[in-house]
Amino acid sequence: EPAAGCLWGQFYLLVGLTSTELARKKAALAGVDEQIVRETMKDVSLQSERFRLVHNYYGLFPEALNWLRHHALGEIYRLGRLQFMVKPFGLNYRIYRHRQSGCTVGLAGDGVCFDADGFVCAKDFEPDWSSTLNLGDDWIEGFPILPDGKAQKRLIRLDANEWECRIDKNSPVLDMHIPAGGGMTLSACQDSMRWALRFFPEHFPERKFAAFSCKSWILNTQLQKVLPPEANLLQFQREVYLLPTAGDGKSGLNFIFGKKDVNMHTAPRTTSIQRALLEILESGQALRSGGMVFLPEDVNKIGMQLYRSQWPATFAHCKEAGL
């Protein structure tokens, strides 16, 4: 950076642009259409625009190269509104589905620290409680996560003969990413997810996956109190099985404002999401992140709020299993 002076961002942009040709070669080997590559590589432009918001000229932050390596390696593809790549689930939760009813329940793994509201405890804060998970031969005992993304400080027991573990920490999942640009309607998300279910088995049959997953600031449940209920982000939250995740207290700022250190007095308030994040910060709260899972066979039920509507029945199955 000292050698490049004010052009240091443009140097990283030139490096980032090389990912485009590498991505084209990888895609060609797998028979992926050129137009899909073009749509996927718009990330270079989106990352450069984020840089421009801060420095008023086009470039890339060095950390953008960490993201663009997925493109260069042919790991990630944009299919309609959403992007997908196969990777390990990574979150310390287990997702179970009842073999007969199809009800779904998430259990926290061992040692997840929660606050009194059921969210993952922020760094440097004393947790209110921590979870345990016990796996017996005929039963599973743990603390449930409600579909709205809150852990319950209440131990439940599932009959291992009735409940199948569909996702654990090491399960491969279709990791979803939402590029900037708006238009994240439920129908657009559903179309993208259906496309992904066809695309990866066709072009990358070796990349098996158990479910859709995402970890993102857009899954922050605090947004439910500051955005209108019809907002696309909130509609999406209500369709998936939300999971609490750890955050740094500034989730989303980098994506919306181009940087994490935001002056609340001078920050732009042009969009509803800018105003929403600032309103949360001004209330004295740290910004949370969130996670989610969504099982592939449920894609055609988007719009039904399946996991939330199932919860009374799910709870009843838990009681039968020894709640």
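## Before we start

What you're looking at is a predicted model, where local features need pLDDT of at least 70 and side-chain atom pairs count only at pLDDT 80 or more, while totals for chains, interfaces and linings use all residues. Residues are numbered from 1 along each chain as its sequence is written, and side-chain values use heavy atoms, with hydrogens and water left out.

## Glu239, a buried charge

Let's begin with Glu239, which sits in helix H6 (residues 232-239). Helices here are DSSP runs of H or I with at least four residues, strands are runs of E with at least two, and both are numbered from the N terminus. Glu239 is buried but has no salt bridge. Buried means under 20% relative accessible area, exposed means over 50%, and partly exposed is in between, using a 1.4 Å probe and protein chains only. A salt bridge needs a side-chain nitrogen of Lys or Arg within 4 Å of a carboxyl oxygen of Asp or Glu. The nearest side chain of opposite charge belongs to Arg238, and that is 6.3 Å away. For charge, Lys and Arg count as positive and Asp and Glu as negative, while His and the chain ends are not counted.

Gln305 lies in the loop between E15 and helix H9 (306-320), and it is partly exposed, with a relative accessible area of 31%.

Asn56 isn't a glycine either, yet its phi is positive at about 65 degrees. You'll find Asn56 in the loop between helix H3 (42-55) and helix H4 (64-72). Is Asn56 buried or exposed? Asn56 is exposed, at 65% relative accessible area.

## Cavities

How many cavities of 30 Å³ or more are there? The count comes to three. On a 1 Å grid over the protein atoms alone, a cavity is a set of points where a 1.4 Å probe fits but cannot get out, and lining residues have an atom within 4 Å of a point. Grid points are joined across faces, edges and corners, and a volume is the space filled by probe spheres set on the points.

The largest cavity has a volume of about 80 Å³. Its lining has 14 residues, and Phe119, Leu243, Pro244, Ser289 and Gly290 lie nearest its centre. Strand E14 (241-244) and strand E15 (290-294) are the elements that give two or more residues to this lining, with E14 giving the most, three residues.

## Salt bridges

The structure holds 14 salt bridges. One of them joins Arg157 and Glu141, with the closest N and O atoms 3.3 Å apart. That pair links distant parts of the chain, with Arg157 in strand E10 (residues 156-159) and Glu141 in strand E8 (residues 139-142), 16 residues apart. Arg157 is partly exposed at 28%, whereas Glu141 is buried at 17%.

Lys42 and Glu39 also pair up, at 3.2 Å from N to O. Finally, Glu21, Arg24, Glu34 and Arg38 are linked in a network of salt bridges.

Terms used:
1 Å grid on protein atoms, 1.4 Å probe; cavity = no way out; pocket = protein on both sides within 12 Å on 5 of 7 lines; lining within 4 Å.
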